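Me: I would like to learn how to read a protein structure, one feature at a time. Please give the general idea before each case.

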Amino acid sequence: MAALSAWFWNERFWLPHNVTWADLADPAPGVEYPKAGHLLAALPLAFGIFAVRILFERFIASTCAQSLHIQQGVGRRAQPNAVLEKVFTSITKNPDSRHLDGLSKQLDWEVRKVQRWFRHRRNQDKPSTHTKFCESMWRFTFYSCIFTYGFQFLWQCPWMWDTRHCWYGYPYQVMTPGLYHYYVTELAFYWSLMFSQFTDIKRKDFLIMFIHHLATVSLISFSYVNNMARVGSLVMCVHDASDFLLEAAKLANYAKYQRLCDFLFIVFSVVFFITRLVIYPIWILNSTMFESWAIVGPYPSWWLFNFLLLVLQVLHIIWSYLIARIAIKAMLRGKTPFVSSPSGMREGDPVFLSVFVQ
């Protein structure tokens with residue numbers, strides 16, 4: 001085990017040349033450098049956030065949904081049938097013609113009646129509009145708060161105005177309480193999203209969302225352990241800038257305020273394009289790739305960090321293209337992308353929108 005730990009925490013991978021873990025282990029009194037153990041605080045905080053979410057959705061978001069006349073019903077339920085339920089849970093949720101014919105003969109039902117049963121049964125597993133409204137309201141509240149906190153915190157930081165401060169004195173950069181709280185709260189939130197996936201109603205994008213949350217947790221943890229928290233805070237703030245706008249648009253959609261939904265989606269799209277296609281590459285990638293090279297110099301984890309950030313930029317381009325394509329199609333139909341689907345943004349073409357903004 002010790003050999004595995006030594007291999008994983010190899011100084012020549014994680015740290016610049018001529019820097020060791022021992023150099024960072026004993027800072028001056030009152031000075032704190034990032035340590036991997038600090039991130040353990042995110043786990044109990046994640047459970048706390050999860051508990052707050054449950055209370056928030058039950059007592060605040062649900063009340064708001066009811067005031068907007070969004071009901072909790074899930075539509076017509078399939079009549080109980082042990083044979084069909086076994087097929088649905090164990091074999092297929094969308095039986096082909098061969099299965100339909102066999103079940104029709106076994107139950108002495110018309111094929112159309114069997115098809116109707118499976119359609120009703122599938123609808124039972126879909127979250128109701130009320131459930132989706134409560135979930136989006138929780139995300140909107142969290143994203144709004146964390147973006148406000150992050151922007152307010154970074155406004156007072158020198159690296160907000162001159163990104164070279166992300167690298168001056170690296171890696172001997174003090175972890176301030178404000179930066180630590182920002183990082184741990186973001187990390188805890190994405191841990192809580194991973195936990196909640198196993199208790200929420202299962203959705204067809206379960207695996208995609210799980211991989212997304214896991215990748216986000218890994219990137220946040222990696223940049224913290226590597227003491228790239230300053231530039232990491234800029235990355236988080238840039239990504240948080242559009243998240244709450246999408247959730248606000250979804251709330252308007254669920255409440256059937258179409259004009260407000262249209263407006264919010266347009267604002268979201270503009271902010272997304274500016275932050276992901278302009279600010280991110282010009283402001284952040286320029287700093288991580290060129291300013292850091294000139295001030296610190298490259299080393300193995302530096303290469304990996306920049307590779308991951310470049311992969312993220314490729315995803316930004318793909319997502320921006322998809323948003324633009326869906327928006328253009330929707331405008332030609334006279335609809336917004338998620339107004340065109342009564343069940344919201346997790347159905348049909350725009351399913352990816354629920355993934356990339358996290």
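Reply: Start with a term: a residue is buried when its relative accessible area is under 20%, exposed when over 50%, and partly exposed in between. Glu 85, at 27% relative accessibility, therefore counts as partly exposed. Keep in mind throughout that this is a predicted model.

Me: What share of the 358 residues is buried?

Reply: Buried residues make up 48% of the protein.

Me: How do I read a salt bridge, and how many does the structure hold?

Reply: The idea is a side-chain nitrogen of Lys or Arg within 4 Å of a carboxyl oxygen of Asp or Glu. The structure holds seven salt bridges. In one of them, Glu 85 pairs with Arg 121, and their closest N and O atoms are 2.9 Å apart. Glu 85 sits in helix H5 (residues 82-90) and Arg 121 in helix H7 (residues 111-124), so this pair ties together parts that are 36 residues apart in sequence.

Me: Is Arg 121 buried or exposed?

Reply: Arg 121 counts as buried, because its relative accessibility is 12%.

Me: Which residue does Arg 276 meet in a salt bridge?

Reply: The side chain of Arg 276 meets that of Asp 243, at 3.7 Å from N to O. This pair links distant parts of the chain, with Arg 276 in helix H13 and Asp 243 in helix H12 (residues 229-254), 33 residues apart. Arg 276 is buried, with a relative accessible area of 0%. Asp 243 is also buried, at 0%.

Me: Which residue forms a salt bridge with Asp 162?

Reply: Asp 162 pairs with Arg 164, the closest N and O atoms being 3.1 Å apart. Asp 162 is partly exposed at 22% relative accessibility, and Arg 164 is partly exposed at 38%.

Me: What is a disulfide, and how many does a search of the whole structure find?

Reply: A disulfide is a covalent bond between the sulfur atoms of two cysteines. The search finds zero disulfides here. For Cys 134, the nearest cysteine sulfur is that of Cys 64, 8.5 Å away. The cut-off for a disulfide is 2.5 Å between the sulfur atoms. Cys 134 is buried, with a relative accessible area of 5%. Cys 166 is in no disulfide either, and the nearest cysteine sulfur, that of Cys 157, is 9.6 Å away. Cys 166 counts as buried at 3% relative accessibility.

Me: Which residues of H11 are buried?

Reply: First the general idea: an α-helix has 3.6 residues a turn, so residues three or four places apart point the same way. The buried residues of H11 include Met 209, His 212, His 213, Thr 216, Val 217 and Ile 220. The buried set also includes Ser 221, Phe 222, Ser 223, Tyr 224 and Val 225. After H11 comes Asn 227, whose phi is positive, near 55 degrees.

Me: How far apart in space are Trp 319 and Phe 272?

Reply: Their C-alpha atoms are 9.6 Å apart, although the two are 47 residues apart in sequence. Trp 319 is found in helix H14 (residues 300-333) and is buried, with a relative accessible area of 13%.

Me: Where does UniProt place the feature "domain: Homeobox"?

Reply: The unreviewed UniProt entry puts that feature at residues 84-128. In the model, this span is 71% helix and 0% strand, with end C-alpha atoms 23 Å apart. The unreviewed entry also annotates a "DNA-binding region" over residues 86-129. There the chain is 70% helix and 0% strand, and the end C-alpha atoms are 27 Å apart.

Notes: Residues numbered from 1 in each chain as written. Predicted model: local features only at pLDDT ≥ 70, side-chain atom pairs only at ≥ 80, totals over all residues. Heavy atoms only, no water. Helix = DSSP H or I, 4+ residues; strand = E, 2+ residues; numbered from the N terminus. Buried < 20%, exposed > 50% of the residue type's maximum accessible area, 1.4 Å probe, protein only. UniProt positions renumbered as here; feature names shortened; annotations may be inferred.
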